[in-house]
Amino acid sequence: MASKVIHAIYNDDDILMQAVKEVRAEKYHIEEVYTPFPVHGLDKVMGLEPTRIAITSFMYGLVGLAVAITMMNFIMIEDWPQDIGGKPSFSYIENMPAFVPIMFELTVFFAAHLMVITFYMRSKLWPFKKAENPDVRTTDDHFLMAVDTGHHDAEEVANFLRGTGAIEISLIDKDEDH
Amino acid sequence: MYTLPSKLRLFAIVFMVIGAIGIVSGFLSAPSSTAEVKEMMAAHGDGHGAEASHGETNNSHGEAHNESEAASQAVPGEGQSEDAHGSEEEHLEHTLHQMQNRPWSALYIACFFFFMIALGCLAFYAIQFAAQAGWSPVLFRVMEAITAYLVPGGIIMFVLLAMSGVLHMNHIFVWNDAEVVAHDKLLQGKAGWLNGTAMLIRAAIFLGGWLLYRHFAVKFSRNSDNETDNRWFKKSFKISAGFLVFFIYTESMMSWDWLMSFDPHWFSTLYGWYVFAGMMVCAITTIAIITIYLKSKGYLEFVNDSHIHDLGKFMFGFSIFWTYLWFSQFMLIWYANIPEEVTYFVTRIEQFKLPFFGMVAMNFIFPVLLLMNSDYKRVNWFIVLTGIVILAGHYIDIFVMVMPGTVGNSWYIGIPELGALCFFFGLFIYVVFTALTKAPLLVKNNPFVKESKQYHY
């Protein structure tokens with residue numbers, strides 16, 4: 001028999017947090033939690049790995065910085081040497097203060113945009129994508145925890161979840177879900 | 001309750017004594033006549049005529065001589081030999097004044113540096129109340145203790161200003177020299193603001209206002225410990241908001257009077273902000289270091305990683321803010337290249353290259369790289385290490401604000417500077433840690449203290 005998923009719906013984030021802790025303490029497997037807003041500390045309680053987006057952001061920033069330096073060096077020094085601020089030195093390093101705003105802006109630009117794009121790709125989000133959340137109320141004021149029953153008895157898990165404060169429990173066959 | 005360990009008291013006193021010896025020896029070793037200057041220069045192996053062989057790495061007297069020689073050559077009409085002799089005397093006279101200014105400047109810089117830590121801390125403390133911050137009440141007693149230094153620090157600062165501005169015991173403020181002003185149209189125009197008496201009156205108003213707020217803010221905080229309602233908190237909130245308005249005006253004017261006026265021809269409209277940013281970094285760094293120190297001694301058990309993390313974020317943020325202002329000031333003046341403006345940076349880059357750019361590295365690159373990672377802001381020794389570099393960097397920042405205008409080429413970080421630094425460091429430690437013993441280390445009955453204790457990120 002294919003494993004079943006239980007959808008437990010909560011209506012309060014504090015109760016949800018407590019429930020997540022209890023479920024994990026019972027060693028049940030939480031597939032996913034759907035919330036209408038970011039719940040602080042939920043990732044830690046669920047035991048998710050910390051995000052690595054900051055590292056990508058740093059690298060994108062370095063790319064932006066490199067692009068800015070190369071670009072300004074080509075435009076202002078090599079291709080068409082410019083007299084900057086009445087100091088015609090034609091050297092990048094001596095004119096560097098004038099380029100700092102551009103270097104800064106492109107660092108931020110690259111870091112921000114590429115980080116957003118990375119986030120979308122990593123979360124499998126793109127235009128016209130069909131929403132994944134199983135219950136529309138999770139976009140309003142309800143929280144949904146999807147628990148994989150695995151080899152546990154579905155009824156037993158459902159009862160346990162009811163005890164953690166779930167206001168609604170539904171058993172879903174994994175096959176028909178996908 | 002915190003009790004001052006006798007070891008720490010001894011530590012502070014030793015620093016004060018060593019510092020005082022350094023300060024006194026700095027004053028005693030300053031030359032009193034041009035003959036002595038000549039002797040000192042000869043002793044440095046920097047005799048006249050040999051300056052061409054000296055590189056930039058050697059001491060800067062040779063360069064100064066070159067400059068004055070060049071200046072004298074630019075004046076035509078005078079007899080060549082007489083001119084050369086006159087310029088040498090003039091140069092010796094000039095160097096003498098610089099060297100006489102040095103111990104005063106050293107004292108002034110160190111005095112201001114520790115004073116600004118306390119002042120920045122007071123502003124930070126007021127912001128916590130005005131913003132009704134929920135994370136910080138567990139640190140209030142540390143902040144109150146640091147602001148205690150405002151009293152002795154402010155008094156010494158005032159005495160120093162009185163000695164320089166009104167009593168004419170030194171020449172660190174060039175605009176205060178009647179002879180200079182008589183030949184200087186720009187200074188004559190500014191004399192209505194820049195004169196000894198006016199500066200002292202302003203200083204009294206600034207210091208009076210700050211000390212008044214400090215007195216009542218701390219008093220209300222202590223009163224609140226014995227109450228059950230929010231009466232005192234509300235009062236603190238009101239005076240804090242009022243103080244912040246007063247502070248940002250007076251702090252700006254203070255920076256013109258006490259720092260920018262060392263180069264009285266030059267001015268920058270964001271100077272007040274620039275000084276403020278440096279002040280805040282130093283204050284927050286000091287709060288963090290003292291908090292970590294107290295924690296390591298087993299106090300402040302209610303302060304957790306998240307509080308240190310927040311202080312780290314502030315150190316990081318204000319370091320970047322400081323750099324932003326430093327750069328904004330630098331770039332516009334560098335780009336426009338207007339002679340009367342750019343001279344400020346030309347002097348610093350030509351004569352103070354290492355400290356001038358070195359402190360930018362210490363105050364910007366170092367904290368950015370070390371505190372960028374979120375996890376590092378929770379590692380105590382990282383915060384302390386970065387903090388020490390930041391504090392040293394901002395000392396040098398004040399150094400390059402003051403020294404070019406007072407001692408010019410004759411600068412050096414030697415016994416007078418380090419002595420003054422040690423003395424005020426000792427005094428600061430003594431005053432702050434004595435103040436810590438005056439009240440329980442956790443505020444009671446602050447409406448946010450529970451939130452602060454449970455604060456987690």
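B:M280 is buried, with 25 other C-beta atoms within 10 Å; a residue is called buried if 20 or more other C-beta atoms lie within 10 Å of its own, exposed if 12 or fewer, and partly exposed in between, with C-beta atoms placed from the backbone. The model is a predicted one, in which local features need pLDDT of at least 70 and side-chain atom pairs count only at pLDDT 80 or more, while totals for chains, interfaces and linings use all residues. Residues are numbered from 1 along each chain as its sequence is written, and chains are lettered from A and ligands numbered from 1 in the order in which they are written.

B:M280 belongs to helix 11 of chain B; helices (H or I, at least four residues) and strands (E, at least two) are DSSP runs, numbered from the N terminus. Leaving aside neighbours within four places in sequence, B:M280 is in contact with B:G120, B:F124 and B:F318, where contact requires C-beta atoms, placed from the backbone, within 7 Å. By comparison, B:N409 lies 129 residues from B:M280 in sequence and 30 Å from it in space, C-alpha to C-alpha.

B:I284 is, with B:I146, B:I287 and B:V432, one of the residues that touch the most other members of the largest nonpolar core, which has 120 residues. Such a core is a set of buried Ala, Val, Leu, Ile, Met, Phe, Trp, Tyr and Cys residues joined through C-beta atoms within 7 Å. Helix 4 of chain B (residues 80-130) gives the most to this core, with 22 residues. Apart from it lies another core, of 19 residues, including A:Y10, A:V20, A:F143 and A:V157.

A kink of about 30° in helix 14 is centred on B:A361. Its buried residues include B:P355, B:F356, B:M359 and B:M362, and the buried residues of helix 14 pack against helix 12 (305-336), helix 13 and helix 15 (380-406) of chain B.

Two residues other than glycine have positive phi. B:L300, with phi near 50°, sits in the loop between helix 11 (271-296) and helix 12 of chain B. B:L300 counts as buried, with 22 C-beta neighbours inside 10 Å. A:K27, with phi of about 65°, is in the loop between helix 1 (13-25) and strand 2 (29-34) of chain A. A:K27 is exposed, with 8 other C-beta atoms within 10 Å.

Chain A is divided into domain 1 (4-36 + 146-177) and domain 2 (53-122), with bounds from an automatic or database domain assignment. The centres of these domains, taken over C-alpha atoms, are 49 Å apart.

Definitions and conventions: Bend = angle between axes of the 7 residues up to and from the residue. Contact = placed C-beta atoms within 7 Å.
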